[in-house]
Amino acid sequence: MEGLFVGFTAMTWQNLVMMAIGATLIYLAIKKEYEPALLLPIGFGTILVNIPFSSVLDQVEGGGLVAGALSYFFRVGILTEVFPLLIFVAIGAMIDFSPLFRRPLLLLFGAAAQFGIFFTMTAATLFGFDLREAASIGIIGSADGPTSIYVASRFAQNLIGPISVAAYSYMALVPIIQPPVIRLLTSRRERLIRMDGLQRPISRTTLIVFPILVTILTGMFAPTATALIGFLMFGNLVRECGVLKKLSLAAQNELASLVTLLLGITIASTMTADRFLQVSTLFIIALGLCAFIFDTAGGVIFAKLLNLFIKRKVNPMIGAAGISAFPMSARVIHKMGRQEDSSNFLLMHAVSANVSGQIGSVLAGGLILALVK
Amino acid sequence: MTAATEAVFREALEITGKGMMALFAFMFVFFVLLVLLDRLFPGRNDEAGNQVL
C-alpha cells in the first residue's frame, strides 16, 4: 500500500510551484491564445515532469536506468537538432519571398533588427553568464523559437526550458512590446510616411533559384549556418518549385503541427523544479525582454539612418518588422500606421521586412554558432 | 566587475561587432542576388508562377 502514496510523500513545494507554472502556461495558451501550439504542450509537459518519479523521465529502478519517453524524445529530437530543423522546413514552405524582390532594400532590416541578440548577449555576460550561456540567452532576440532551441541545444542545454518559454512568450507579446518602443523612437511625421505600392510580378524561375543560391552562398561563407538556412530554404524550394504542391501543403500544415507538438512537450522535459527554479531563470526572462526591445530599436534606428541617404523614404516603423516574429510584427506595424493615417497601407512593406527578418534570425543563429567558441 | 567577467564581456563585445558586420554583409550579398535574379529572369504578367500582390 505504501507504494501507492509514494508520489504524495515525495512531492516538494518546488514541484507544486512548477505545476502552477505549467497551469499558468496552459491558461495563457487557452485564455489569452499566446502561442497556444507551443505553450500548451510546454505547460502540460511541465506538470507531467514534476510528478515525483514520473515515468516520462529517465528513472533509476533496481539499479538500472529505465528510459522515459520525454527524455528519449529530448535525446533524439533536440540533442540531434532534428525537431528544430524539421520546423525550419515547415517555416520555409510558408515563406513567400516575392515581396522582398519588389523592394530588396528592405532585406537590410532583417540584419538591423537582430541587434537585440548581440546586445543582450553582451549584457548577459555582465550578470555572470559564460559566453555560451550568454549567446543562448541573446538568441531569444531572434524572435524565432526553433533558432533559440537550436543554439541553446548546442551551447546551454541546462537553459533550454526557460529560454524556450521566454522566446515563445515574448513572440506572443510582440503587439505589446513593440508599439511603445516604436513610438518612443519616432515622431508622428515619420510614422505618417507613405510608401509606394508593390504591384509587380516576379518570375517563378527567380523564386526557385533564390533559395538554392542563398543556401550555397551561406554554406560557403558560414558552414555552421548551413543546416539552419539549408532546411529553411529547402522548405521554400518545395513551395516554389510548383510540382510538389501536396508536399508543400503537408510541410505547412501536418509537419508544422506535429513537430511543434513534439517540440513543445519535449522542451517541457527540461522544466523540472531543480533546473527551472533558479535565479538565472529570472535573468533569462528579463534579458529576453531586453532582446526584443533592442531588436525593435535596432530596426527603427537603422530605418531612420537609411532615410538620410535614400530618396524614396522608408517609414521607420517598417524597421521594427525586421524581427522574425512572422506575421505578428508586420500586422503590428500595419495597425500602427493605420492608427496614424487610416489610408496608409504598410502591410506588404512590413511583410517584406518581416520575411527578411526570418532570414536574418536564422543567419544570426548560424553566426553565433560560428563566432562563439 | 571582476577581471574574468570583464574578459568575457570584451569577448562578447568583439563578437557583437563581428556578428553585426557579418550579418549586414550577408544581407548585402542577398540584396545583390535579389536584384540580379530579378533582372536575369524578369516577371511577366502572364506567367503561371507569378504571385502578384
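Me: What percentage of the 53 residues of chain B count as buried?

Reply: This is a predicted model, in which local features need pLDDT of at least 70, side-chain atom pairs count only at pLDDT 80 or more, and totals for chains, interfaces and linings use all residues. Residues are numbered from 1 along each chain as its sequence is written, while chains are lettered from A and ligands numbered from 1 in the order in which they are written. A residue is buried if 20 or more other C-beta atoms, placed from the backbone, lie within 10 Å of its own, exposed if 12 or fewer, and partly exposed in between. By this criterion the buried share of the 53 residues of chain B is 25%.

Me: Which helix of chain A gives the most residues to the side that touches chain B?

Reply: Contact here requires C-beta atoms, placed from the backbone, to lie within 7 Å, and 46 residues of chain A are in contact with 35 residues of chain B. By class, that side of chain A has 30 nonpolar, 12 polar and 4 charged residues (nonpolar: Ala, Val, Leu, Ile, Met, Phe, Trp, Tyr, Cys and Pro; charged: Asp, Glu, Lys and Arg; polar: the others, Gly among them). Helices (H or I, at least four residues) and strands (E, at least two) are DSSP runs numbered from the N terminus. With 9 residues, the helix that gives the most to this side is α14(A).

Me: How many of the 25 residues of α21(A) are buried?

Reply: From its first C-alpha to its last, α21(A) reaches 35 Å, close to the 36 Å expected at 1.5 Å a residue; the expected span is 1.5 Å times one less than the number of residues. The helix is mostly covered, and its buried residues number 23.

Me: Is Leu287(A) buried or exposed?

Reply: Leu287(A) lies in helix α18 (residues 279-307) of chain A. Leaving aside neighbours within four places in sequence, Leu287(A) is in contact with Thr120(A), Ala123(A), Ala124(A) and Ile137(A). With 25 other C-beta atoms within 10 Å, Leu287(A) is buried.

Me: What is the omega of the cis peptide bond that joins Phe326(A) and Pro327(A)?

Reply: Most peptide bonds are trans. Pro327(A) lies in the loop between α19 (317-320) and α20 (328-340) of chain A. For the cis bond that joins Phe326(A) to Pro327(A), omega is about -5°.

Me: What is the phi of Glu33(A), which is not a glycine?

Reply: Most residues other than glycine have a negative phi. Glu33(A) lies in the loop between α2 (13-31) and α3 (36-49) of chain A and is exposed, with 10 other C-beta atoms within 10 Å. The phi of Glu33(A) is positive, at about 55°.

Key: Contact = placed C-beta atoms within 7 Å.
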